[in-house]
Amino acid sequence: MFPEDLHYTETHEWARVEGDIVTVGITKYAVEQLKDLVYIELGRVGDELDLHVPLGVVESVKAASDLYPPVSGVITEVHDAVAEKTDIVAKDPYGEGWLVKIKMRDPSEVKDMLSAAEYEKHIKMS
Amino acid sequence: MTDGLRKTPLNDAHRRLKATLVDFGGWGMPMQYGNIVDEHRAVRTGAGIFDVSHMGRLAIEGADRLGFLSRLVPTNLEKAEPGDVVYSMFTTEGGGVVDDITILVRADDIRLVVNASNAAAVKDWLAEHRDGMDVAVRDETEAKGMIALQGPLAAAILLRHTAAAAGRMFFFQFIEGTFDGRPVLISRTGYTGEDGFEIIMSAADAPAVWDALLADGAAPIGLGARDTLRMEACLPLYGHELGRDINPIEAGLGWAVTSKADYLGRAQIEKVRRDGVARKLVAFRLEGRVLARKDAEFVKDGRKVGVVTSGTFAPSLGCGAGMGFVEAALAAPGATLDVVVRERPCRAVLVKPPLVTKHTVARKPKPAASVGGGRG
C-alpha cells in the first residue's frame with residue numbers, strides 16, 4: 001500500500017534516503033486524513049532541524065497540523081511551488097509533492113524510521 | 001465512530017454518500033462528503049443541500065404566546081404577520097445573548113428554530129420565564145427533519161417540487177405547502193449569503209425530499225462548508241460572535257434591536273447603544289499564506305487590541321479571513337492590524353462586512369408609515 005523504497009514516521013511523513021540527502025513529504029494517508037489542504041508552511045534553506053521539532057505546518061480548512069523531520073540535519077532545498085499549490089501534494093504525494101530535502105546529521109537515525117509494512121501496521125492500530 | 005450520538009432522519013443518506021461523520025453537539029453530523037472547498041463552491045455557483053435536522057424546533061402555543069416572547073427578545077414582534085420569519089435572539093438581564101433564533105409566526109402558534117447546541121438551554125430558558133402565562137412549549141425537533149437548499153439554482157430546483165408561490169416569497173418569509181405532495185413548511189432563509197430555502201418536513205419524509213433534491217443536481221454539503229459559507233457572509237455563530245457575555249450591539253445586531261416592549265436586558269442593551277460600544281465585531285482578510293483561527297489575538301503597536309472569533313480559509317477570496325472583536329476606535333474598515341499566528345504577526349486588513357457579496361433576494365417592503373400624513 002505504501003512505496004516499499006521509502007521510510008516512514010509515526011507522524012505520517014515519508015523519507016527517501018539518497019546518500020546523506022533525505023527527501024521528505026507526507027504520505028497519502030496524511031493527505032486523506034487532512035483532506036482540504038490549503039497552505040503548507042515550510043522552513044528555509046539553512047534551517048537546522050531536530051527530531052520532534054516541527055519543520056513546518058500544513059493548513060487545512062479545519063485545522064493546522066505540524067510537519068516533523070524524519071531525521072535531524074539542515075534543510076538544503078525547499079519545494080516552494082507546493083506552498084500554495086497544495087493540490088500537487090494531494091495528487092502526487094511521493095513524487096512531485098515532495099516538501100524539503102535535508103542533509104542528514106546522523107545517518108544512524110535512518111534505522112529508527114518505519115518500513116512501509118511497519119507504517120501500515122501503525123496506521124491500522126491507531 | 002458515532003455510536004451513542006443522536007441521528008437525524010438523514011443519517012443513512014450521509015453514510016451512503018460516504019460522509020465523514022463527526023460529533024456536533026451530541027448529533028452525528030456530516031462534516032464533509034468530499035472536499036470542503038468543492039462543496040463551498042458548489043453552493044456559490046449552483047445549489048447545495050444541508051441536513052439541518054439537528055437544529056432545535058419548538059412550537060409556542062397559548063393565548064399569551066406573543067406577549068411571552070416579546071418579553072424575552074429585543075425585536076419588535078407587534079407587526080409580525082403569519083408568513084413572516086423574524087431573526088432575533090433571547091437576551092439575558094445583563095444584555096447578553098442566550099441564543100440567536102428565527103421566529104416563524106403562524107396563525108395558531110409561533111415556531112422557533114434554535115441552534116442545536118442550545119436547544120436544551122433555550123427550553124430551560126422558556127420554562128424559567130413562563131411566569132404563569134398561558135403558554136405551552138412543544139419540542140418538534142425529533143418529529144421533523146429540515147433541509148436547507150441554497151445557491152443561485154435553489155429556486156429553480158425547488159419549483160420542480162412545489163407550487164410557484166414558493167418562488168415569489170421575499171427573503172424572510174415562509175409558506176406551508178407540499179413538496180412532491182408531502183406537507184412541508186418552506187422559508188426563504190439560510191446561512192450562506194445565497195438565495196435559498198429551509199424546508200421542514202416530517203422526519204419520515206426527510207429522506208425522500210433529500211433524494212429528490214440530490215437527483216436534481218444539488219450537491220450534498222457538510223458542516224465544514226456550512227462554516228466557510230456563513231463566515232464569508234459574516235453571519236454570526238453562537239459561541240463565536242454571540243454569547244452570554246456579548247451584547248448584540250457589539251455584534252453588529254443593533255438592526256434587530258427594535259422592540260418597544262420591556263424585554264429582558266433592555267436597560268443594558270439600550271445603555272450600550274447610548275454610550276457606544278467598547279469593542280466592535282469586524283471582518284478581516286489576511287495577507288500572505290496563513291489562516292487565523294478562533295482565539296488568535298489582534299495586536300497593534302505591541303498591544304493586544306482584539307480577538308478572532310471565527311477564522312478559516314475563504315474559498316471565494318482565496319485567502320484566510322474571518323471575524324473578530326476589536327477595540328471600537330481601531331475597528332474601521334480599511335484599517336490594518338496584525339493577527340498573531342504561531343507566535344508571528346500576520347497582516348490583516350479590516351473589511352466592511354460581508355466578506356463576500358450576498359445574493360439573497362429582497363425582503364418584504366415595509367408598509368409606508370401612515371401617521372401624520374407624511375410629505376404628501
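User: Which elements of chain B each supply at least two residues of the lining of the second largest cavity?

Analyst: In this predicted model β2, β3 and α7 of chain B do so, where helices (H or I, at least four residues) and strands (E, at least two) are DSSP runs numbered from the N terminus. Local features need pLDDT of at least 70 and side-chain atom pairs count only at pLDDT 80 or more, while totals for chains, interfaces and linings use all residues of the predicted model. Residues are numbered from 1 along each chain as its sequence is written, chains are lettered from A and ligands numbered from 1 in the order in which they are written, and side-chain values use heavy atoms, with hydrogens and water left out.

User: What makes the space lined by M29(B), P30(B), F50(B), D51(B), I221(B), G222(B), L223(B) and R226(B) a cavity?

Analyst: The space counts as a cavity because, on a 1 Å grid over the protein atoms alone, a 1.4 Å probe fits at its points but cannot get out, and lining residues have an atom within 4 Å of a point. Its volume is about 40 Å³, taken as the space filled by probe spheres set on grid points joined across faces, edges and corners. The lining includes L223(B) and R226(B), which are both among the buried residues of α7(B).

User: Why is helix α7 (residues 223-232) of chain B described as mostly covered?

Analyst: Nine of its ten residues are buried, a term that means under 20% relative accessible area, with exposed over 50% and partly exposed in between (1.4 Å probe, protein chains only). What covers the buried residues of α7(B) includes β1 (20-24), β2 (27-32), α2 (36-45), β3 (48-51), β16 and β17 (319-327) of chain B. Just after the helix, C234(B) takes a positive phi of about 55 degrees.

User: How do you know whether H54(B) is buried or exposed?

Analyst: The relative accessibility of H54(B) is 4%, and therefore the residue counts as buried. H54(B) lies in the loop between β3 and β4 (56-61) of chain B, and, leaving aside neighbours within four places in sequence, its contacts are T8(B), F24(B), W27(B), M29(B), A116(B), T141(B) and L223(B), contact meaning heavy atoms within 4.5 Å.

User: How many aromatic pairs are found over all chains, and what makes the pair of F2(A) and Y8(A) edge-to-face?

Analyst: The search of the whole structure finds eight aromatic pairs. F2(A) and Y8(A) are 5.9 Å apart centre to centre, with 65 degrees between the planes; rings of Phe, Tyr and Trp (its six-membered ring) pair if their centres lie within 6.5 Å, and planes under 30 degrees apart count as stacked, over 60 as edge-to-face and the rest as tilted. F2(A) is at 5% relative accessibility and so counts as buried, as does Y8(A) at 1%.

User: Why is the pair of Y39(A) and F313(B) called edge-to-face?

Analyst: Y39(A) and F313(B) have 90 degrees between their planes and 5.9 Å centre to centre, which gives an edge-to-face pair. The pair crosses between chains, from strand β4 (residues 37-42) of chain A to strand β16 (residues 303-314) of chain B, and both residues are buried.

User: How do you know that the charged end of K101(A) sits over the ring of W98(A)?

Analyst: That charged end is 4.7 Å from the ring centre, and the description applies if NZ of Lys or CZ of Arg is within 6 Å of the ring centre and within 35 degrees of the ring normal. In chain B, the charged end of R279(B) sits over the ring of F325(B), 4.8 Å from its centre.

Note on methods
1 Å grid on protein atoms, 1.4 Å probe; cavity = no way out; pocket = protein on both sides within 12 Å on 5 of 7 lines; lining within 4 Å.
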